[in-house]
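Me: I would like to learn how to read side-chain features in a model, one at a time. Please give the general idea and then the case at hand.

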Amino acid sequence: MRTPLRLLATFFRLGAMNELQYRTNFWLQLGRTGIDLGAALFAVYVVYSHTDHLNGWQAGELIALLGVWTLMSGLVGLMVQPGMERLVEDVREGTLDFTLTKPEEAQVLVSIGQVRVWRLVDVAVGAAVIAGALAWLGRRTGLEEAAVFALTLCSGGVIIYSFWLMLSTVSFWFVRVGNILMVFHSLYRAAKWPVTIYPGWMRMVLTFVVPVAFAVTVPAGALVGRLPGEWLAGTVALAAAMLVLSRLFWQAGLRRYSGASA
């Protein structure tokens, strides 16, 4: 059996080879990212033309958060989203058998088996927006701040992956879960803004029900110096807990799966 990193490199290479056949997709993705980013920046401009801060967040800090959102969207769209969408389809059609009969760990294959390489455009654009926002703010990110940002970003990615895996695993019990995934998409777009600006009930939803706050607001807060120490510990602990919970959810779902060969 190969290690997950070797499998990841193999699937990434295959995904790149497949996507490079359609290079127009690069320009389509770049255009889509540019339009989304332009609309978001215009919204920031409109808001800050009427106020100096948004619940304490300055314009440059909010743009840094927007960069984190774009970067995280790229990472999720690179592998997590296509893998989970394929999982739902395979469960519905009974073709998950082809994955389960392979000698590698099925959850690993499901998680990294689909790669949309052009979503790296979002990763690059998000990183550029973050760098521009920090330059505007005049902040120099030291080694400690960079390490905390990387830790919270990785933890946020694990939380999003685990949550999406649990949502997709619901398909083992229910035939169609597309509406649930669409709700997640809608709530994730709400993370373009700091969760602290929302009413209390919405803040609770975005933090504890659909935990997108940990994927965007927390890493952005670490980047601009707005992250309390307890949030750092809580984010890492939640990532570990959700990773274990999603694994248990996956194993329970597999026991429900009958497949095309049943």
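Me: Is Arg86 buried, partly exposed or exposed, by its relative accessibility?

Reply: A word on the source before the answer: this is a predicted model. Buried means under 20% relative accessible area and exposed means over 50%, with partly exposed in between. Arg86 has 37% relative accessibility, so Arg86 counts as partly exposed.

Me: Which residue forms a salt bridge with Arg86?

Reply: Side chains of opposite charge can pair when their charged atoms come close. Here the partner is Asp90, and the closest N and O atoms of the two are 3.2 Å apart.

Me: What does Asp90 touch, leaving out residues up to four places away in sequence?

Reply: Asp90 touches Thr95, Leu96 and Tyr257. Sequence distance and spatial distance can also be read side by side for Asp90 and Ser171: the two are 81 residues apart in sequence and 9.6 Å apart in space, C-alpha to C-alpha.

Me: How many salt bridges does a search of the whole structure find?

Reply: The search finds 4 salt bridges. One of them joins Glu85 and Arg116, where the closest N and O atoms are 3.0 Å apart. Glu85 lies in helix α3 and Arg116 in the loop between α5 and α6, so this pair ties together parts that are 31 residues apart in sequence. Glu85 is partly exposed, with a relative accessible area of 30%, and Arg116 is partly exposed at 33%.

Me: Which residue forms a salt bridge with Arg247?

Reply: Arg247 pairs with Glu105, and their closest N and O atoms are 3.0 Å apart. The pair links distant parts of the chain, 142 residues apart: Arg247 is in helix α11, and Glu105 is in the loop between α4 and α5. Arg247 counts as partly exposed at 28% relative accessibility, and Glu105 is partly exposed with a relative accessible area of 30%.

Me: How many residues does α11 have, and how far does α11 reach from its first C-alpha to its last?

Reply: α11 has 28 residues and reaches 41 Å, close to the 40 Å expected at 1.5 Å a residue. Its buried residues are Thr235, Ala239, Met242, Ser246, Trp250 and Gly253. The cover over these buried residues includes α3, α5, α7 and α10.

Me: How many aromatic pairs does the structure hold?

Reply: A pair of aromatic rings is described by the distance of the centres and the angle of the planes. The structure holds 6 aromatic pairs. Among them is the pair of Phe172 and Trp250, which is edge-to-face, with 6.0 Å centre to centre and 70 degrees between the planes. Phe172 lies in the loop between α7 and α8, and Trp250 lies in helix α11, so the pair ties together parts that are 78 residues apart in sequence. Both Phe172 and Trp250 are buried. Ring pairs also link Phe172, Trp250 and Tyr257 into a cluster.

Me: Is Ser168 buried or exposed?

Reply: Ser168 is buried, because its relative accessible area is 0%. This residue is found in helix α7. Leaving aside neighbours within four places in sequence, Ser168 is in contact with Met84, Leu87, Val88 and Leu181.

Me: Which residues make the nonpolar surface patch of about 330 Å²?

Reply: The patch is made by Phe42, Tyr45 and Val46. Of these, Val46 is found in helix α2. Val46 is partly exposed, with a relative accessible area of 33%.

Me: Which residue has a positive phi although it is not a glycine?

Reply: Most residues other than glycine have a negative phi. Asn55 has a positive phi of about 50 degrees and is not a glycine. Asn55 sits in the loop between α2 and α3. At 47% relative accessibility, Asn55 counts as partly exposed.

Definitions and conventions: Residues are numbered from 1 along each chain as its sequence is written. This is a predicted model: local features need pLDDT of at least 70, side-chain atom pairs count only at pLDDT 80 or more; totals for chains, interfaces and linings use all residues. Side-chain values use heavy atoms; hydrogens and water are left out. Rings of Phe, Tyr and Trp (its six-membered ring) pair if their centres lie within 6.5 Å; planes under 30 degrees apart count as stacked, over 60 as edge-to-face and the rest as tilted. Helices (H or I, at least four residues) and strands (E, at least two) are DSSP runs, numbered from the N terminus. Buried means under 20% relative accessible area, exposed over 50%, partly exposed in between (1.4 Å probe, protein chains only). Patches are made of residues with over 30% relative accessible area and no salt bridge: like charges are joined within 9 Å, nonpolar side chains (Val, Leu, Ile, Met, Phe, Trp, Tyr) within 5 Å. Accessible areas come from the Shrake-Rupley method with a 1.4 Å probe; for residues, only the protein chains shown count as cover. A salt bridge is a side-chain nitrogen of Lys or Arg within 4 Å of a carboxyl oxygen of Asp or Glu. Contact means heavy atoms within 4.5 Å. The expected span of a helix is 1.5 Å times one less than its number of residues.
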